[in-house]
Structure formats: structure tokens, C-alpha cells
Amino acid sequence: MRRIALVTLVVDDYDEAIRFYTEALGFRLAEDAPRPDGSRWVVVEPGTEGGGTALLLARAKGVTQRARVGDQTGGRVGFFLYTDDFARDHARMSAAGVTFLEAPRHEPYGSVAVFRDLYGNRWDLLQPAAS
């Protein structure tokens, strides 16, 4: 079996990113290990261990990487957080201070609302429609 295990998300600061993804979005901190070069290997997962694609939070190095923080997809929605209970997660995330850019919509493919992470990257919170 093949799958995408990790996607790199360039961040300004490890600790503020960990706080946002674990506290505001409810992700699980799967790994936080120091590296010999002074960086850290930080992995957060949206669900249970091994339950899907995880994020590798990588601190930006240099001008080029710093310019990408918060705009890794040129302003498009680049990340899709699936849920089995849209109303629950939307309410919890809103209460935690997550910025939603629109009111929830109910489309043929499911319930969805676009939100921004702490750096400005756009995400969809999405509960797929029942098949």
C-alpha cells in the first residue's frame, strides 16, 4: 500500500505552530524531536496515530522560505480537514479563535467552510456528504 504520510508546512515558530494545531484545531502532537542542526522534527496529526496524512511543521530558514509562510499555495485553499461532525468541529474551532472566512455552506459534496491557520494559509473544514 502506498500513501502520502507527511506534508511539510513551513512555519515561523515551532511552539506557536504546535499550540495552534493542537489547541485550536485539536490535532495530536505525534513527534517533537531535536535535530543536530538545531531544527526540530515536529509532526502533528488530525486524528489517531497513523490515521491519515500528518503535517511536518518546518521552521522557515532564509528569506525565500520565510516569504512562503502563510502563502504556500498562492492564496488558494491548500489543505482539507475532513470531519465526521461539521457542527461540532466548527463550533469548537470558532470558540478557540480560528478565523473562518465564510459562513458554513452546504454543497452537494458536503458541509464546508474556509478558515485560515495562524499564518494565513487557507483550509477547508469539510464533512463529506453521505454516499
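How many salt bridges does the structure hold? The answer is eight, counting a side-chain nitrogen of Lys or Arg within 4 Å of a carboxyl oxygen of Asp or Glu. Keep in mind that this is a predicted model, where local features need pLDDT of at least 70, side-chain atom pairs count only at pLDDT 80 or more, and totals for chains, interfaces and linings use all residues. Numbering runs from 1 along each chain as its sequence is written, and side-chain values use heavy atoms, with hydrogens and water left out.

**View 1. R28 and E45 pair up across two strands.** The closest N and O atoms of this salt bridge are 2.6 Å apart. R28 sits in strand β2 (residues 28–34) and E45 in strand β3, so the bridge ties together parts that are 17 residues apart in sequence. (Strands here are DSSP E runs of at least two residues, helices are H or I runs of at least four, and both are numbered from the N terminus.) E45 is buried at 10% relative accessible area, while R28 is partly exposed at 32%; buried means under 20%, exposed over 50% and partly exposed in between, with a 1.4 Å probe and protein chains only.

**View 2. D37 meets K61, loop to loop.** Their salt bridge spans 3.3 Å, N to O. D37 belongs to the loop between β2 and β3, K61 to the loop between β4 and α2 (62–68), and the two are 24 residues apart. D37 counts as exposed at 55% relative accessibility, and K61 as partly exposed at 45%.

**View 3. D15, D32 and R40 join into one network.** Salt bridges with shared partners link these three. In the D32–R40 bridge, the closest N and O atoms are 2.8 Å apart. Both ends are partly exposed: D32 has a relative accessible area of 35% and R40 has 23%.

View 4. Buried residues of α1 include Y14, I18 and A24. At the N-terminal end, D13 caps the helix, with a side-chain oxygen 3.1 Å from the backbone nitrogen of D15. Just after the helix, G26 takes a positive phi of about 80°.

**View 5. F115 and its neighbours.** Leaving out residues up to four places away in sequence, F115 touches a list that includes L25, L81, M93, F100 and W123; a contact is heavy atoms within 4.5 Å.

**View 6. F27 between two aromatic partners.** Rings of Phe, Tyr and Trp (its six-membered ring) pair if their centres lie within 6.5 Å; planes under 30 degrees apart are stacked, over 60 edge-to-face and the rest tilted. The count comes to seven aromatic pairs. Y21 and F27 have ring centres 5.7 Å apart and planes at 50°, so they make a tilted pair. F27 and W123 are edge-to-face, at 6.3 Å centre to centre and 75° between the planes. This second pair links the loop between α1 and β2 to strand β9, 96 residues apart. Y21 is buried at 0% relative accessibility and F27 at 6%; W123 is buried too.

Terms used. Polar contact = N/O pair within 3.5 Å; in protein donor to acceptor, adjacent residues only side chain to side chain.
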